[in-house]
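Student: I would like to learn how to read strands, helices and cores in a model. Please take one feature at a time.

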Amino acid sequence: MSETAVTPELAPAGTAELAVVVPVKNEADNILTLVGEIHAALSGVTDFEIVYVDDGSTDATPQRLAEAKARFPMLSWVRHRFSCGQSQAIATAVRHAKAPIIAMLDGDGQNDPADIPAMLARWKAEPDATRDKLLIAGWRANRKDTSSRRWASKAANAIRAWALKDNTPDTGCGSKLFSRALFLDLPRFDHMHRYLPALTIRAGGKVESVVVNHRPRGAGSSNYSNLRRALVGVPDLLGVMWLMRRSRNPVVEPGQ
């Protein structure tokens with residue numbers, strides 16, 4: 001696999017209905033288990049693809065992805081030559097995806113792929129006129145994290161909800177489902193994945209939260225600390241508040 005970062009043009013439509021996109025950095029020991037779980041959860045449910053982006057890993061993640069590709073041909077993956085952050089890894093994965101519907105998972109194994117079929121069914125139940133601007137957001141009602149991380153997340157969610165009015169109890173959950181077209185229409189910046197509900201509302205869409213399973217990390221350690229999240233969170237929040245205030249969603253009517 002080439003070490004060159006890839007920034008393709010928009011991928012053409014493919015035969016898969018759903019793409020499961022997974023950004024990873026130094027998650028070698030979680031690759032094969034999670035890919036196998038995605039395959040088990042979606043086989044017989046829909047035609048699907050799995051798209052991984054290795055965000056500059058320094059462990060055996062590329063080797064494990066190559067092994068997974070040999071076992072699961074619906075898997076494709078690309079690599080950032082150097083780490084660009086989770087939001088850019090998600091964007092790269094979505095751009096590489098061919099399916100019109102995107103399901104997003106974190107690569108540490110804490111998000112359960114078994115939740116995807118119900119999220120997909122809820123998305124499909126939306127009327128045709130509004131479906132493409134619907135975001136289904138996972139809600140970790142019973143989190144399997146340390147107490148410090150749970151409290152930090154609770155505080156961050158409360159501040160964000162007050163500031164952005166995004167009506168979403170858990171924006172940090174990696175389990176999300178949305179149309180590829182919606183994501184590609186959103187503004188992109190570092191850490192934007194934490195603000196997908198607010199950005200969806202800004203784009204004239206709506207958000208529905210559904211309770212999902214949350215599990216202990218499969219292996220390895222998190223790439224983010226509570227302090228690091230807090231340090232980047234304040235300027236990010238102010239920036240998204242500015243974007244929300246400056247947004248306009250015109251009602252377009254046919255010409256005479």
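Tutor: Contact means heavy atoms within 4.5 Å. Axes are lines fitted to C-alpha atoms, for helices over the stretch in contact, and angles run from 0 to 180 degrees between N-to-C directions. Helices (H or I, at least four residues) and strands (E, at least two) are DSSP runs, numbered from the N terminus. Here, helix α4 (residues 116–125) lies across β1, β4, β5 (134–139), β6 (176–179) and β7, at about 35° to β6. The model is predicted: local features need pLDDT of at least 70, side-chain atom pairs count only at pLDDT 80 or more, and totals for chains, interfaces and linings use all residues. Residues are numbered from 1 along each chain as its sequence is written, and side-chain values use heavy atoms, with hydrogens and water left out.

Student: What is the order of the strands in the open sheet?

Tutor: Two strands pair if DSSP finds at least two bridges between them. The open sheet has 7 strands in the order β3-β2-β1-β4-β6-β5-β7, with mixed pairing. β3 and β7 (206–211) are at the edges with a single partner strand each, so one side of each lacks a neighbour in the sheet.

Student: Which strands pair with β1?

Tutor: β1 runs parallel to β2, joined by 7 bridges, and pairs with β4 (residues 101–104) in the parallel sense over 4 bridges. V21 has V51 as its bridge partner in β2 and stands opposite M104 in β4.

Student: Are the residues of β1 buried or exposed?

Tutor: Buried means under 20% relative accessible area, exposed over 50%, and partly exposed in between (1.4 Å probe, protein chains only). In β1, 7 of the 7 residues are buried, so the strand is largely enclosed by the rest of the structure. L18, V20, V22 and V24 lie on one side, and A19, V21 and P23 on the other.

Student: Which residues of helix α2 are buried?

Tutor: In α2 (residues 61–71) they are T61, P62, L65 and A68. Seen down the helix axis, they fall within an arc of 120° (taken from the directions from the axis to the C-beta atoms), so they line one face of α2. A70 and R71, on the other side, are exposed.

Student: How many residues does the largest nonpolar core have?

Tutor: A nonpolar core is a set of buried Ala, Val, Leu, Ile, Met, Phe, Trp, Tyr and Cys residues joined through side-chain atoms within 4.5 Å. The largest has 33 residues, and those with the most contacts inside it include V21, F178 and L196. Helix α3 (residues 86–96) supplies the largest share, 5 residues. A second, separate core of 29 residues includes A68 and M119.
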